[in-house]
Amino acid sequence: MAVDDPPPRPRVTVVLADAAARRGAADRGSTDLTEQTPIGEALVKGLMRAQLALALRLALVVAAALGTLPLLFAVAPAVGAVKVFGVHLPWLLLGVLSFPFLVLIGGLYVRWAERNEQDFTALIRRPER
């Protein structure tokens, strides 16, 4: 044994049965999900329905906000002739400001979708009454 060698570490025995006993009984909701029972399928379909509804609502907001602008400029050409900082208003709204708007909507979608997933996880981990 050289002078610079560290002292040997003591051995540790890991017993998997002890780790499983410490974890406790599995959640019923988690079991339903992993075993793909009808209850688990209903829970997952509920989450998917919530995520789809969120996506459709935000897509409707984007379509309404950005889709009505060309209609406004076609119906009221005087609004399209307005210049802001030397740039025509349609170019400014559709060509420049639409991108930050889309990034904002994307950020909101991610935040709200994660909230849906947290609610789903809380529902799964909720103790049975």
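I began with the surface: the chain exposes about 10400 Å², of which carbon and sulfur atoms supply 66%. Accessible areas come from the Shrake-Rupley method with a 1.4 Å probe, and for residues only the protein chains shown count as cover. I noted that the model is predicted, that local features need pLDDT of at least 70 and side-chain atom pairs pLDDT 80 or more, while totals for chains, interfaces and linings use all residues. Residues are numbered from 1 along each chain as its sequence is written, and side-chain values use heavy atoms, with hydrogens and water left out.

**Entry 1. Overall layout**

I counted 5 helices and 2 strands in the chain. Helices (H or I, at least four residues) and strands (E, at least two) are DSSP runs numbered from the N terminus. Read from the N terminus, the order is α-α-α-α-β-β-α. Of the 129 residues, 16% are buried; buried means under 20% relative accessible area, exposed over 50%, and partly exposed in between (1.4 Å probe, protein chains only). I also looked up the contacts (heavy atoms within 4.5 Å). Among those between residues at least 6 apart in sequence, 66% join residues at least 24 apart.

**Entry 2. Helix H3**

I recorded 38 residues for H3 and a reach of 53 Å from its first C-alpha to its last, close to the 56 Å expected at 1.5 Å a residue. The expected span is 1.5 Å times one less than the number of residues. H3 bends by about 25° at Thr68, and Pro70 follows within four residues. The bend at a residue is the angle between axes fitted to the seven residues ending there and the seven starting there. I listed the buried residues of H3 as Gly40, Leu47, Gln51, Leu54, Leu58, Val62, Leu69 and Phe73.

**Entry 3. Helix H5**

The 37 residues of H5 should span 54 Å at 1.5 Å a residue, and its end C-alpha atoms are 52 Å apart, which agrees. I found a kink of about 50° at Leu97, shortly before the proline Pro100. The buried residues of H5 are Leu89, Pro90, Ser98, Ile105, Ala113, Phe120 and Ile124.

**Entry 4. The nonpolar core**

Which residues make up the largest nonpolar core? They are Leu54, Leu58, Val62, Ile105 and Ala113, 5 residues in all. A nonpolar core is a set of buried Ala, Val, Leu, Ile, Met, Phe, Trp, Tyr and Cys residues joined through side-chain atoms within 4.5 Å. Leaving out residues up to four places away in sequence, Leu54 touches Tyr109, Trp112, Ala113 and Asn116.

**Entry 5. Polar residues under cover**

I looked up Gln51 in helix H3 and found it buried, with a relative accessible area of 13%. A polar atom of the Gln51 side chain lies 3.4 Å from the backbone oxygen of Ala113. The cut-off for a polar contact is a pair of N or O atoms within 3.5 Å; within protein, one must be able to donate a hydrogen and the other to accept it, and residues adjacent in sequence count only if both atoms are side-chain atoms. Beyond four places in sequence, Gln51 touches Tyr109, Ala113, Asn116 and Glu117.

- Leu66 and Leu102 are 36 residues apart in sequence and 9.7 Å apart in space; Leu66 touches Leu94, Ser98, Phe101 and Leu102, not counting residues up to four places away.
- Asp119 and Leu47 are 72 residues apart in sequence and 9.1 Å apart in space; Asp119 is partly exposed, at 49% relative accessible area.
- Ala50 and Phe120 are 70 residues apart in sequence and 10.0 Å apart in space; Ala50 is partly exposed, at 29%.

**Entry 6. The loop at Phe85**

Phe85 lies in the loop between strand E1 (83-84) and strand E2 (87-88). I noted a positive phi of about 55° there, although Phe85 is not a glycine. Most residues other than glycine have a negative phi. Phe85 is exposed, with a relative accessible area of 83%.
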